[in-house]
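Dear colleague,

I am handing over the structure below, and after it you will find my notes on what was found. Please read them alongside the sequence.

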Amino acid sequence: MNTRRVPSDMANFTQDELLTRLSALEIENKQLKHQLATTQTIIDEIPIAVFSKNVREQYRIDLWNKAAEQLFNVKKQDVIGKATNQIWPQTDADLFMADDQRVATQQTTIDIPIEHCYTPDRGTILLHTQKVPIINSNEDRKSTRLNSS
């Protein structure tokens, strides 16, 4: 027999009240999914290279938009889940990591007016990069850092 305990804050609700709350939650869920899809589309289509690395996952890339694909000539599926040193030469990766760690430690935006970055097909390109800490409000420490070039 499958018996579920009703949370104490819901124990006094009637079945109609619970169904009304469930319906409201379903509507809210649908709205949130729509907002997420819209946000994903904006990030993907904005003509600025945007990518992020998850500090808690050893700075592995977890977001890479179309402009980043075009600028670096690296497809999203080839970078998601990878660390910087798996994509760029070690010298570049070390510099990027030092800046990443500075942003994570100081939890402040840094602006890099001229940053050299090697690409396989275009050689070294010059970027203007901003590294912005994104703080997860549910945690004590920063969980992700966002870059745009």
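**Aromatic rings and a buried threonine**

Trp64 has a relative accessible area of 1% and is therefore buried (under 20% relative accessible area, with exposed meaning over 50% and partly exposed in between, for a 1.4 Å probe and protein chains only). This is a predicted model, in which local features need pLDDT of at least 70 and side-chain atom pairs count only at pLDDT 80 or more, while totals for chains, interfaces and linings use all residues. Residues are numbered from 1 along each chain as its sequence is written, and side-chain values use heavy atoms, with hydrogens and water left out.

Rings of Phe, Tyr and Trp (its six-membered ring) pair if their centres lie within 6.5 Å, and planes under 30 degrees apart count as stacked, over 60 as edge-to-face and the rest as tilted. By this rule there are six aromatic pairs. One of them is tilted, because the rings of Phe51 and Trp64 have centres 5.2 Å apart and planes at 45 degrees. Phe51, at 6% relative accessibility, counts as buried. The rings of Trp88 and Phe96, with centres 5.7 Å apart and planes at 90 degrees, form an edge-to-face pair; Trp88 is buried at 8% relative accessible area, and Phe96 is buried at 7%. Ring pairs join Phe51, Trp64, Phe72, Trp88 and Phe96 into a cluster.

Elsewhere, Thr129 counts as buried at 1% relative accessibility.
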